[in-house]
Amino acid sequence: MNKRGFFIVKAVIQIKRITIITGHYGSGKTEFAVNFALGEAGKREYAKHALCDLDIVNPYFRSREKRLMLEEHGISVFGSSEQDEITAEIPALGANVRGPLENAECRVIVDAGGNDSGALVLNQFRKYFTPEQTDVLAVVNFSRYETRTVADAAEQIAMIERATGLAVGGLVGNTHLLRETTAETVLRGHDLALQLGEKLGIPLLYDCYPVGVVDPAYPQCAPLRDTLFPLNLYLRPTWLDR
Amino acid sequence: MANGNDKVLLKGNEAFAEAAIRGGLRFYFGYPITPQSEIPEFMSRELPKRGGVFLQAESELGAINMAYGAGAAGGAVFISSSSPGIALMQEGMSFLCSAEVPLVALNVSRGGPGIGGIQPGQADYFQVTRGGGNGDYKIPVFAPASIQEAIDLIYESAELAAYWRNPIMIFVDGIIGQMMEPVTLPEQRPFTETSKIRDAKPWAITGYGDDDTKKNVVKSLRMQPDDLERHVEYLFEKYRRAEKELCRVETQDIEDADIVLVAFGTVARIAREAIEILATRGIKAGLVRPISLWPFPYDVFDKIGSRTKAVISAELSMGQMIEDVRIGVGKRLPVRLINRTGGMIPTSLDLADSAEKIYKEVN
């Protein structure tokens, strides 16, 4: 099972230029997108790197809040109509979002809004999201209230697919309870994500764990070694865990 | 539904809505406004399937008056909004207090004045503690600092509102509405069936039923001045009792601190980290975290020891709670302000730096 995941990571993720990150509200899409974009930029396989923040439904904790940090790592951030406007009541996307999507030299991570309503905005960029150059991933957190079961998580993904007309091609397991996450939490999420993948016929690509909270060297994490993905909580202020 | 002991990861707004349903609050009336729109969204999906009623009002004015009507008829009602929406509801709040109609209301506050912005603020402190409605009335206000505390307070407030026959306000800033925390949810308290309201709330407007001699009237209009005066005095008798019974506060090291910070909600969380930073600089800081904003815990300031040089009110406003802090401290110690407003939030380092500066000035 893990080999299958590993194989798909190689076969899918590294070939395609655009990766769309979708998922339920609060599944951890944005944290994953930021971490994933940093990892991809580090590979230096493309001339340019971009993170397109298409989340126009969530007012707080958006990836464009981390613009400066991402730019220092060579990742351009696109999304809001005004560069530093993160508080607009009716946020709009700037036309410049199309730039990286059109540029064949640019590796693009697309951070979509939560649920089907948030992902709906992907439709206006559909012409760029051809199967040849696009992977669509879904982040799943089985500790989230509304995606506690495989059936609930499958329904969320089906709703996102219906709203966007895009097929989710891989899962990112991100089952956590923030600072209360344990190796057991990650393992439980891994098992449920595998069941979800089985049900949908798509691979589980990553099992995220919060850095500094879960120790990946923990023996129980050994079966996950091919899929473990370290997640730094860039968007969460430290005082939130006081 | 999760069992009582299962930890789940919930966004504040979802947790508030779920806590209200589990608390037995069967009716929700509201109008969407950021940063709490997830609440009406959640309620529209969940309440009808669980035997409750969700109704989107045409405005916040409509919502508060629907709450007045449903509450007067004995329904257990929850409403929520954000700052400008709560402002629109103030007239209704005054009516509910006068007519003694229970309600649990939630303000997920944002920056103001006016339409302001959608980032977090605490500048509705006066609005919720003093009230923007007319006449003499009081509303107990709880200000949780975590999602779990908010769940527990909303759940408890469902009973408190019915007991006190008064609205209870829960006051959080947008950060608490939008952030996520692992929480434990309480068991579902059953909704009161319509046929049982007559027994549970003998004062409610339930029609004549089988007894055509007894008719309840729930109203705020009292045309005779002596009658109105008696009514207001009766209400204030109740409020004086509430001042004793509903006052809640948490303290940390205030007996022997160099300085004492006073903060509620999100700012109290930041203050805890700032206090750790100050300790590394050799300054011992204590914390007063009011949980009830009305009644305000004035007496807690008597516990501040002789070592303390200043009391600092830390707020996301231009300084509103500081007026209550001054009443509590009296002339014993200087009271200073550290603040951000407009949706800006201080970092723990900002807070520690400002507190250190004040300490050096007064020491």
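Predicted model: local features only at pLDDT ≥ 70, side-chain atom pairs only at ≥ 80, totals over all residues.
Where the domains touch, 28 residues of domain 1 of chain B are in contact with 22 residues of domain 2 of chain B. The size of an interface is often given as the accessible area lost when the parts come together. Between domain 1 and domain 2 of chain B, the buried area is about 2200 Å², and carbon and sulfur atoms give 56% of it.

Between domain 1 and domain 2 of chain B, 15 residue pairs are in polar contact, counting pairs with both residues at pLDDT 80 or more. The side of domain 1 of chain B that touches domain 2 draws two or more residues from each of α6, β6 (141-142), α7 (147-164), β7 (167-173) and α8 (174-178) of chain B. Of these, α6(B) gives the most, with 4 residues. Sorted by class, this side of domain 1 of chain B has 16 nonpolar, 6 polar and 6 charged residues. Across the interface of the two domains of chain B there are 3 salt bridges.

Arg110(B) sits in the loop between β5 (103-109) and α6 (125-130) of chain B. Arg110(B) counts as buried because its relative accessible area is 1%, under the cut-off of 20%. The side chain of Arg110(B) reaches two backbone oxygens: that of Thr34(B) at 2.8 Å and that of Gly117(B) at 2.8 Å.

Methods:
Residues numbered from 1 in each chain as written. Chains lettered and ligands numbered in written order. Heavy atoms only, no water. Buried < 20%, exposed > 50% of the residue type's maximum accessible area, 1.4 Å probe, protein only. Polar contact = N/O pair within 3.5 Å; in protein donor to acceptor, adjacent residues only side chain to side chain. Contact = heavy atoms within 4.5 Å. Buried area = accessible area lost by both parts, 1.4 Å probe. Salt bridge = Lys/Arg side-chain N within 4 Å of Asp/Glu carboxyl O. Nonpolar A, V, L, I, M, F, W, Y, C, P; charged D, E, K, R; others polar.
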